[in-house]
Amino acid sequence: MTPTIDLLIRNARVVTCADDACAVSPPAFLAVAHGQIAGLGTMAQLDPNARGAQELDAEGALLTPGLIDCHTHLVFAGDRAREFELRLEGASYEDIARAGGGILSTVQRTREANAGDLLAQSTRRLASLMQHGVTTVEIKSGYGLSLKAELKCLQVARELGQHQPVNVVTTLLAAHALPPEFTGRADDYIDHVVQHIIPEAARLKLADAVDAFCENIGFTSAQTRRVFEAAQAHGLPVKLHAEQLSNQGGAALAAEFGALSADHLEFVDEAGVAAMARAGTVAVMLPGAYYFLRDTHVPPIALFRRHGVPMAVATDCNPGTSPTTHLPLMLNMACTLFRMTPAEALLGVTRHAARALGLLATHGTVEIGKRADLCLWNIDHPAELAYAIGASPLRARIHGGLDGGLQHRLQ
Ligand code: NIG
Ligand code: FE
């Protein structure tokens, strides 16, 4: 026990997420010092004289790591409700994209928006994520698709992390779609990404990783390889939107570059899964997009399990395929739609999500030395987080111990 305790939590039933079973501890204390977990043990082990600058009686509430949403496109302008109507009338996501709608309609709105508007719109979405327990969020660019607009989006993402008590990790997704000024010239656009956008985002330290959309309506695996080579040359880790609508060999390519994660993966084959296992690449499951596109091709959960590929779960928050900011709802969908277990789903938004962002050394579990990003929930058993459809049982959200203070503390 450290002598100075900034925050002392008593009577919490802790799910550390350090073990695969997600076992619940007997009533425990947790001490925070300098934003880190400094002490953890049963109530019987707590020094009766221990005091914290702030104290919190959890009254038996469940304590988990703060949730990590490791895949979002949170920074964008406008919405795509009209496109939703078109799809209900029979148009497919690919039809709309090929007709110049889809991602490109959000690109137009995002380019037109000034940084202040983008920040305001994105702040609302971030606030909602935080209300559902998120303490770390990955935010991709990808609705700018020009040097200026991509940097604007990354800058807004960075500002969100500076203004709000949440940890923001940024990803450059310039290779998300072909911007209209490059129609018919995909290789030229990749030249531009490789020669200008990646180097400038790296120089300004605006991107923590680089992503691409490897798909028949996105970029080929050869073009994705060039993006990855440029990222590597600038010391940036990679991740990939892979095999969402078809199998392009994206998972194996991502693994070849030691990717942090390959995401979506509805159409990945066993060779791709095996390559991911060898590379330690996390499989990020995005059941919101699967649900919203009424996909029928379930990602091969059994193969991930068999090959020991860690599975993360994320919102994919974006206006076209997953307009949601409710991460606990994604746990429910991961279980009902993909047949993940509630324990797997919880690990998917804690330990495995931290790994998908390269943050496992400091985030994702409740262990001494880790950052004190924590959630207290008004539930008895961790499975309830995945069980309830759209519930919000968050009791308190703690970001960096005292740094972010206690938010959303309910009676
Ligand atoms: O993750 N797949 C590509 N990107 C997003 C969708 C973007 C959009 O439609 O605006 C996704 O699903
Ligand atoms: Fe996505």
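**Where two domains meet**

Hi everyone, let's start with one pair: Arg351 and Asp20 join their side chains in a salt bridge, 2.6 Å from N to O (a side-chain nitrogen of Lys or Arg within 4 Å of a carboxyl oxygen of Asp or Glu). Between domain 1 and domain 2, the count is 1 salt bridge.

A word on what you are looking at: this is a predicted model, where local features need pLDDT of at least 70 and side-chain atom pairs count only at pLDDT 80 or more, while totals for chains, interfaces and linings use all residues. Residues are numbered from 1 along each chain as its sequence is written, chains are lettered from A and ligands numbered from 1 in the order written, and side-chain values use heavy atoms, leaving out hydrogens and water.

So which parts does the chain have? Domain 1 covers 7–65 + 365–398, and domain 2 covers 67–356; these bounds come from an automatic or database domain assignment. Their C-alpha centres lie 30 Å apart.

How many residues touch? On the domain 1 side 27 residues are in contact with 22 residues of domain 2, contact meaning heavy atoms within 4.5 Å.

Together the domains bury about 1,800 Å², with 63% of it on carbon and sulfur atoms. Buried area here is the accessible area (1.4 Å probe) that two parts lose on being put together, summed over both. In domain 1, Leu385, Ala386 and Arg397 lose the most area to domain 2, together 31% of what that side buries.
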